[in-house]
Amino acid sequence: MEKKSIQRMWRGSNFERVFWLYHVFWWGFLVCLEMLRHIEHISTETSVEIILLYGAGSVAGLILHVFFRKLDHRSIPLVWLFGIIIASSIMASYIWNAVVLSIDQLLRSSGIVGYDLAGSLRLFGFSFFYSVLLITYSGLYFTLKIWIDLVDQRIKVEKAESLRRQAQLQMLRYQINPHFIFNSLCSLRALVESEKAELMVTKLSEFLRYTLDGDQRDEVPLDEEIKVATSYLDIEKVRFGERLTVHYNIDDASRERIVPGFMLNTLVENAVKHGFRMKDAPLVIDINSDIREDGTLVVEVVNNGRLGSGSGREDGVGVGLCNMEKRLDVLYPGSYSFDIFEESGRVHARISLPDHRG
Amino acid sequence: MAMDLKAIIIDDEELARADLRRMLERVGGVDVVGEAATLSEAERKIRSDNPDIVFLDIEFPGESGFELLERIPGSVEVIFVTAYDKYAIRAFEVNAIDYLLKPVDPGRLRKSLERIGSGRRNGGKEPAPLGYEDSVFLRFRDKYVFIKVSSILAITAEADYSEITTIAMKRVLAHKTMKEWEARLPRRRFIRIHRSTIINSDHVERVEKWINYSYRVFMKGRAEPFMMSKLYARKNKNELG
């Protein structure tokens, strides 16, 4: 039980964890530096003294930490923060000095250490040295704290964003009531007489089911993606008839490769939408997939439209493209590529994915 | 020429039955000999018409298609049909049971029929590990049984099959070895205490020392204890105090 609550506390504050690391590292570093400075004539006595000196310093650092922890640095103007850092560090340096002096005196009076540390220091001078060390320590302390806060904040925002999106999707799903929709489509199909209408209901159901369940999945075989894109295009073909032609050039080996759900369909929907917007002539869409020699999967959707000023990133389909790019960024950080370009009068939307996720 | 398979369609919605009938006509090889709108009517028809296949919808007003299973002979092939029931789909997936989604895709339907024609019993998939809230689907000799994993008290080995005792003290036989059970049941709850015994640790009442470093494990609601052998006692030191 106890272990659990400690873990929770630690997880609760990211800075706390980093603080201890920083604290140990800083004072350890100073001890090492001082040891090196005295490397020529190091003795047990000097070592004890150095450790005593910086041990007391680390206590002063902890006192500062306890004080700083109560401080909400975000609500204090920066100038004030500087003032507080300097003032509290000077104050802590006096405590430090006092601790060193009293321990030293204690050690000397008990005869453990013969070296006259206190006598060799000038009180004022030494607290100035302490102050400088503590101000640096506090400065770095807040730099670290502010930086970690920023990172935390960003993670929180991202988490909230993804939760919001999930909630929205869930809400949509409830509104749609899939159970009702699919049962209705089933009844509808029983009622229609035309075989063409029947086929369209089948394809629509297939597409709808995939949209409801599949587009949040991160790992889908390309083959499934192709099937859904085919359903979608079959539906569009019923709408557009002769004006839409689709060619599939699919490398069989690529069918088993894993891609993010709805990746292909996002490209295909984009191609249909923009292809028809940019010109009146029949739209020809090519869906190509291939595996290069180094194992890179290349999926490409080509249409005979033109790359206009609105390449599609700002409207409805554009949101789809942007979301997909964000997902690829997370799933294949730095190792994927996504380009939309015009080549010999045709618009290519091409995604290359490495063999393994980074 | 191969004989057509005899089928019965069970669904409370008339149009849904009509739709499936039409799809079966398109695919061919199946003769729909009857339809039923309720489970009791379905049970009667299955007994009288003796079909090869039953297309069974899951959602009925006030009851579930699963309930029919335990009342019909296990020789009948059942293909479940559902529009969008997440729980049912999960049950089918973990048990590798074949099912169809409404509106039924003719291609998928053909595949299911081919599988039955070739005599394979499941969808060719391996059953997946079960969660504590899942149900396990069993077919022993001439009976279908669905058991909630959380309601299993213990499993004991009997020759080449195993016997499941539920917390209601119901006993069910299954064609499964202890090894298969161990692989599929959730490890945190189910503990093997003997070469021929697996128990649900949620229902242990007390453990008593017994002769020769073995233990007696008493289960809630069951007077007779199970033996925990020396070997398994050592393995389970942490799980059972």
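1. Two residues are in contact when they have heavy atoms within 4.5 Å of each other. With that in hand, look at chain A of this predicted model: among its contacts between residues at least 6 apart in sequence, 72% join residues at least 24 apart. Chain A has 11 helices and 7 strands, and 41% of its 358 residues count as buried.

2. A quick word on confidence. The predictor gives the complex an ipTM of 0.77 and a pTM of 0.64. Chain B averages a pLDDT of 87, and 95% of the residues there score at least 70.

3. In soluble globular proteins, nonpolar side chains tend to be buried together. Here the largest nonpolar core has 41 residues, and A:Leu233, A:Ile285 and A:Leu353 have the most contacts inside it. Helix H9 of chain A (residues 222–240) gives this core its largest share, 8 residues. There is also a second, separate core of 28 residues, and A:Phe19, A:Ala56, A:Leu71 and A:Val100 are among them.

4. Next, have a look at A:Asn288, in strand S4 of chain A (residues 283–291). Is A:Asn288 buried or exposed? Its relative accessible area is 18%, so A:Asn288 counts as buried, the cut-off being under 20%. Its side chain makes a polar contact of 2.5 Å with the side chain of A:Asn249. Setting aside neighbours within four places in sequence, A:Asn288 is also in contact with residues including A:Val298, A:Val299, A:Glu300 and A:Val302.

5. That brings us to A:Glu300, which forms a salt bridge with A:Arg350, the closest N and O atoms being 2.8 Å apart. The pair links distant parts of the chain: A:Glu300 is in strand S5 (residues 297–303), A:Arg350 is in strand S7 (residues 346–353), and they are 50 residues apart. With a relative accessible area of 9%, A:Glu300 is buried, whereas A:Arg350, at 25%, counts as partly exposed.

6. Over all chains, the structure holds 30 salt bridges.

7. B:Asp98 lies in the loop between helix H4 (86–95) and strand S7 (99–101), and B:Arg115 lies in helix H5 (residues 106–117), so the pair ties together parts of chain B that are 17 residues apart in sequence. B:Asp98 counts as buried at 10% relative accessibility, and B:Arg115 counts as buried at 5%.

8. Last stop, back in chain A: A:Asp223, A:Lys227, A:Asp252 and A:Arg255 are linked in a network of salt bridges.

Conventions. Residues numbered from 1 in each chain as written. Chains lettered and ligands numbered in written order. Predicted model: local features only at pLDDT ≥ 70, side-chain atom pairs only at ≥ 80, totals over all residues. Heavy atoms only, no water. Helix = DSSP H or I, 4+ residues; strand = E, 2+ residues; numbered from the N terminus. Buried < 20%, exposed > 50% of the residue type's maximum accessible area, 1.4 Å probe, protein only. pLDDT = per-residue confidence, 0-100. Core = buried A, V, L, I, M, F, W, Y, C linked by side-chain atoms within 4.5 Å. Polar contact = N/O pair within 3.5 Å; in protein donor to acceptor, adjacent residues only side chain to side chain. Salt bridge = Lys/Arg side-chain N within 4 Å of Asp/Glu carboxyl O.
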